[in-house]
Amino acid sequence: MKNTAEKVAVCSRSFSQNTILRSELLARYEQVTFNDAGLQLKGDNLIEFLQEHEKAIIALETIDDSVLSLLPKLQVISKYGVGLDKIDIAAVRAHSKRLGWTGGVNRRSVSELVISFAIAMLRHVPAACREVLSGSWRQQLGNYLTGKTIGIIGCGHVGKDLVPLLRAFDCPILVNDILGFPDFYAAHGIEAVNLEELLERSDVVTLHVPLDDSTRGMLDSKRLALLKPSAVLINIARGGLVDEVALKQMLQNKLLAAAAFDVFAEEPPQDQELLALPNFLATPHIGGSAYEAILAMGRAAIDGLDNNSIPDIS
């Protein structure tokens, strides 16, 4: 039965622009406010947008005590996407709000991008492209992904999805995770190691952890220095996990072969020196931006409007 009483606000611009998601949401809720103006909602304009709504679909908007304290009518927050680092879970619980969230709905979109980044950087694709555009025509000698040792930091939804894709390339896989998944490791021939060993042994390192107090800055200058000079570092997880200044210096001094980042501590990134390096690839947070992933994330967010709970912070 269609809900005609409760008002829903959709903060996400990509959800609001998707005709399929719009129609599926409007089939369930009559009163919906979409972000048709394409606004980047934060602070006062976020609060104004959410006013008088009982439910909201949010994406990259920051939801904290300062926002929730001014939205007494809002009862449900449903997450479009998988990262919860911009949601103050303690504040959501303190204000007795309900959270709808489904993990891993965009995992294939992210894991396929990891494969594309790894091959692109091992074969020097960005540098070769820049040279062609500048008028140069010379072959770059690169390396296979096949047979390379891959270090996966974080073996959650994306990490687990990445493993069978890498098996097609006969890649030995090292994993570091604060949780243990011994059955999964055994089934796929994965070696679980500490973080330092993973960094020292891997040819390609890819990050798949959330951003919180335990992971912020986890790859600082000291840990980055453990990487092989021939290694490739990939971050499609969250900005803030890696010391970007130290990373730039290593790339400049050829202490690290290459890096590819989809996320940054500040978005859009402002360090033009880093962005201009021929051995660095930057994309604008497109990890989940596949058509199929947008539909999966959107449908999960719609479902979260009805299937939700007060979050547990224990």
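A word on ground rules before we start. This is a predicted model, where local features need pLDDT of at least 70 and side-chain atom pairs count only at pLDDT 80 or more, while totals for chains, interfaces and linings use all residues. Residues are numbered from 1 along each chain as its sequence is written, and side-chain values use heavy atoms, with hydrogens and water left out.

Let's begin with helices. Here, helices (H or I, at least four residues) and strands (E, at least two) are DSSP runs numbered from the N terminus. Two packed helices are described by the angle between their axes and the distance between the axes. Take α2 (residues 19-26) and α14 (residues 291-304): their axes come within 10 Å and cross at roughly 15 degrees. That makes α2 roughly parallel to α14. The axes are lines fitted to C-alpha atoms, for helices over the stretch in contact, with angles running from 0 to 180 degrees between N-to-C directions. On that scale, under 35 degrees counts as roughly parallel, over 145 as roughly antiparallel, 65 to 115 as roughly perpendicular, and the rest as oblique. The crossing of α2 and α14 is right-handed, a label used if the near helix is turned clockwise from the far one by less than a right angle, with left-handed for anticlockwise.

Which residues of α2 and α14 meet? From α2 come I20, L21, E24 and L25, and they meet Y291, I294, L295, G298, R299 and I302 of α14. Contact here means heavy atoms within 4.5 Å. The residues of this contact divide into 7 nonpolar, 1 polar and 2 charged.

Now for the charges. A salt bridge is a side-chain nitrogen of Lys or Arg within 4 Å of a carboxyl oxygen of Asp or Glu, and by this rule the count comes to 16 salt bridges. D36 is exposed, at a relative accessible area of 54%, whereas R22 is partly exposed at 22%. The cut-offs are under 20% relative accessible area for buried, over 50% for exposed and partly exposed in between (1.4 Å probe, protein chains only).

E197 and R201 both lie in α10 (residues 195-201), 4 residues apart, about one turn of the helix, and their closest N and O atoms are 2.7 Å apart. E197 is partly exposed at 27%, and R201 is partly exposed at 35%.

D203 is in the loop between α10 and β9 (204-207), and K228 is in the loop between α11 (221-224) and β10 (232-235), 25 residues apart. Is D203 buried or exposed? At 15% relative accessibility, D203 counts as buried, while K228 is partly exposed at 26%.

Salt bridges also form a network, which links E6, R28, K55 and D306. D306 is in the segment after α14 and is partly exposed at 38%. Leaving aside neighbours within four places in sequence, D306 is in contact with R28, Y29 and K55. D306 and V76 are 230 residues apart in sequence, yet 8.6 Å apart in space, C-alpha to C-alpha.

Next, look at N106, in the loop between β5 (98-100) and α6 (107-122). N106 is buried, at 7% relative accessible area. Beyond four places in sequence, N106 is in contact with V82, G288, A293 and M297.

Finally, the backbone. The peptide bond from E267 to P268 is cis, with omega near 0 degrees, and P268 is in the loop between β11 (258-261) and α13 (272-276). S96, in the loop between α5 (89-94) and β5, has a positive phi near 55 degrees without being a glycine. H285 also has a positive phi, of about 55 degrees, although H285 is not a glycine; look for H285 in the loop between β12 (280-282) and α14.

Technical notes: Nonpolar A, V, L, I, M, F, W, Y, C, P; charged D, E, K, R; others polar.
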